[in-house]
Amino acid sequence: ALAERLVRALCPKLGVVFDPYSGSGSTGVAAAVNECRFIGSEISAEYQGMARNRLTSAYKGTARFRPAEQAIFIPGAGMAVARRPAEFPEVISQCA
């Protein structure tokens, strides 16, 4: 989602995004989804193949990704999202 936010903020539609260390192609997928062109390079043949497959899916419109505006996790109404560890004292005294 970070790559997508950067592409949206810094690249106009049909602009060019360059990622010299493409890895699995996340930046390329973000570019494709946001109607930008993409140039990437990757030294690892394994990652090149992975990126190629992901980019092909992105340009076909079938890529699986989480849009930047979608929350990673939305807690339910009764869920505790933060708990005090049992070994912490109930009340922490303030330093003077």
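Where is the place of Glu35? Select it and you land in the loop between helix H2 (26-33) and strand S2 (37-40); helices here are DSSP runs of H or I with at least four residues, strands are runs of E with at least two, and both are numbered from the N terminus. Before going on, note that this is a predicted model, where local features need pLDDT of at least 70 and side-chain atom pairs count only at pLDDT 80 or more, while totals for chains, interfaces and linings use all residues. Residues are numbered from 1 along each chain as its sequence is written, and side-chain values use heavy atoms, with hydrogens and water left out.

**Stop one: two positive phi values**

Stay on Glu35 and check its backbone: phi is near 60°, a positive value in a residue other than glycine. Most residues other than glycine have a negative phi. Now jump to Leu14, in the loop between helix H1 (2-10) and strand S1 (16-19). Its phi is also positive, near 65°. Leu14 is exposed, at 60% relative accessible area (exposed is over 50%, buried under 20%, partly exposed in between, with a 1.4 Å probe and protein chains only).

**Stop two: a salt-bridge network**

Next, show the side chains of Glu4 and Arg8. They meet in a salt bridge, 3.2 Å from N to O; the term means a side-chain nitrogen of Lys or Arg within 4 Å of a carboxyl oxygen of Asp or Glu. Both residues sit in helix H1, four residues apart, about one turn of the helix. Glu4 is buried at 5% relative accessible area, and Arg8 is partly exposed at 42%.

Salt bridges with shared partners link Glu4, Arg8 and Glu69 into one network, and the structure holds two salt bridges.

**Stop three: helix H3**

Colour H3 (45-60) by burial. Ala51, Leu55 and Ala58 are buried. Looking down the axis of H3, you'll find its buried residues within an arc of 55°, so they line one face of the helix (the arc is that of the directions from the helix axis to the C-beta atoms). H2 and S2 are among what covers them. Just after H3, Gly61 has a positive phi of about 90°.

**Stop four: a buried serine**

Select Ser22, in the loop between S1 and H2. It is buried, with a relative accessible area of 10%. Which residues does Ser22 touch, not counting those up to four places away in sequence? Phe38, Gly40, Ser41 and Glu42, where contact means heavy atoms within 4.5 Å.

**Last stop: a nonpolar patch**

Finish with a surface view of Ile72, Phe73, Met79 and Val81, which form a nonpolar patch with about 490 Å² of accessible area together. Areas come from the Shrake-Rupley method with a 1.4 Å probe, and for residues only the protein chains shown count as cover. Patch residues have over 30% relative accessible area and no salt bridge; like charges are joined within 9 Å, and nonpolar side chains (Val, Leu, Ile, Met, Phe, Trp, Tyr) within 5 Å. Ile72 lies in the segment after H3 and is exposed at 72% relative accessibility.
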